[in-house]
Amino acid sequence: MNNLNLFSRISFLVYIFFYLISAEFAISRNTKDDVLIRLENSLNKRDIALISKIFSDQETFKLTNKFSKLIHEFPNSKWQIKNLKNKNENNHIIEVKLSGSKIIDDKEFLLESNFNYLFSLENGVIFNSSIKNHLTTIRNDNNKLDIDIEIPNKVLTGKNYYIDVFINNPLENEIIAGYIKEYEEETLINQSILLKPLASGGIYKITRAPSKPGIQIWTGIIAHPEGLISFTKTVDVIEKF
C-alpha cells in the first residue's frame with residue numbers, strides 16, 4: 001500500500017510539472033534552435049539562473065517551483081528537446097522527452113514522459129502554449145511486463161472512444177490487477193486505489209468525450225508479482241479534426 005501511495009504522489013507531481021506549466025519565453029525564429037539547446041542544457045544542469053533568462057519572471061516562479069519538486073523525486077532526471085516541423089510561420093512545436101529513476105526500498109522506480117509542446121510566436125515571445133500527446137509512466141518492475149497503452153491523443157466532443165491497455169506477455173499462473181480512471185485530484189491523492197484482477201489480459205474501457213472542448217486525463221495502475229506500473233495520459237477533446 002505504501003508503494004501505491006508513493007505512485008499516486010509521484011504521478012501527481014509529474015502531472016503538475018508537465019501539464020500545468022504555461023510558458024512564455026523570449027525566442028526569435030533565427031535563434032530558436034539556440035534557445036532550445038540552452039533550455040535543454042539548463043534543465044539538465046538544474047541551472048535555475050539560465051532558466052530565468054529564458055522564461056518570463058511570472059512563469060519562472062511557477063516553473064522553478066514544479067521543477068524543484070520533480071528533481072526532489074527524481075534527482076537524475078534528464079530532458080531531451082527536439083524541434084519538430086512548424087505548423088506555419090507563427091505556430092511551432094517541439095517534442096519533449098523526460099527520463100529518470102529513483103531507488104526506494106531497494107527497488108528502482110523508472111520514470112518516462114513524452115509530450116509535444118505547441119506555441120505561437122509573436123515579437124519574439126511565445127503565447128497560446130499548450131501540451132499535447134502527454135504520456136507518463138512510472139514503474140519498478142524492471143520492465144518485466146510488456147504493455148501497450150492505446151489511448152487516443154485526440155477525440156471529438158461527445159463521441160465514444162476506446163481506452164485499452166494491452167498486456168502482451170501475461171505472467172503464467174500469476175494474478176495481475178489494475179485500474180484506470182479519469183483524473184480526479186482528490187481520488188489520486190487522498191483516496192485508496194481499488195485494484196481489480198485483470199483476467200482478460202488487460203484493461204478495456206469505452207468512454208464518452210465531454211460535450212465541450214478541453215482535456216481529459218486518464219490515470220491508472222497495474223500491479224503484478226514483479227512490481228507496479230503507473231501511467232497518466234492526456235486526451236485532447238476537440239470539435240472537429
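**Sheet and pocket**

Analyst: Start with a facing pair: aspartate 148 stands opposite phenylalanine 166 in E7. This is a predicted model, where local features need pLDDT of at least 70, side-chain atom pairs count only at pLDDT 80 or more, and totals for chains, interfaces and linings use all residues. Residues are numbered from 1 along each chain as its sequence is written, and side-chain values use heavy atoms, without hydrogens or water.

User: How do E5 and E7 pair, and over how many bridges?

Analyst: E5 pairs with E7 (residues 160–167) in the antiparallel sense, over four bridges. Strands are DSSP runs (E, at least two residues), numbered from the N terminus. Two strands pair if DSSP finds at least two bridges between them.

User: What's the strand order in that open sheet?

Analyst: E5-E7-E10, with antiparallel pairing. E5 (147–150) and E10 (202–208) are at the edges with a single partner strand each, so one side of each has no neighbour in the sheet.

User: New topic. What volume does the second largest pocket have?

Analyst: About 220 Å³. A pocket is an open set of points on a 1 Å grid over the protein atoms alone, where a 1.4 Å probe fits, with protein on both sides within 12 Å along at least five of seven lines; lining residues have an atom within 4 Å of a point. The volume is the space filled by probe spheres set on the points, which are joined across faces, edges and corners.

User: Which strand gives the largest share of its lining?

Analyst: E3, with four residues. E3 (107–122), E4 (125–139) and E5 each supply at least two. Ile147 and Ile149 are among the lining residues.
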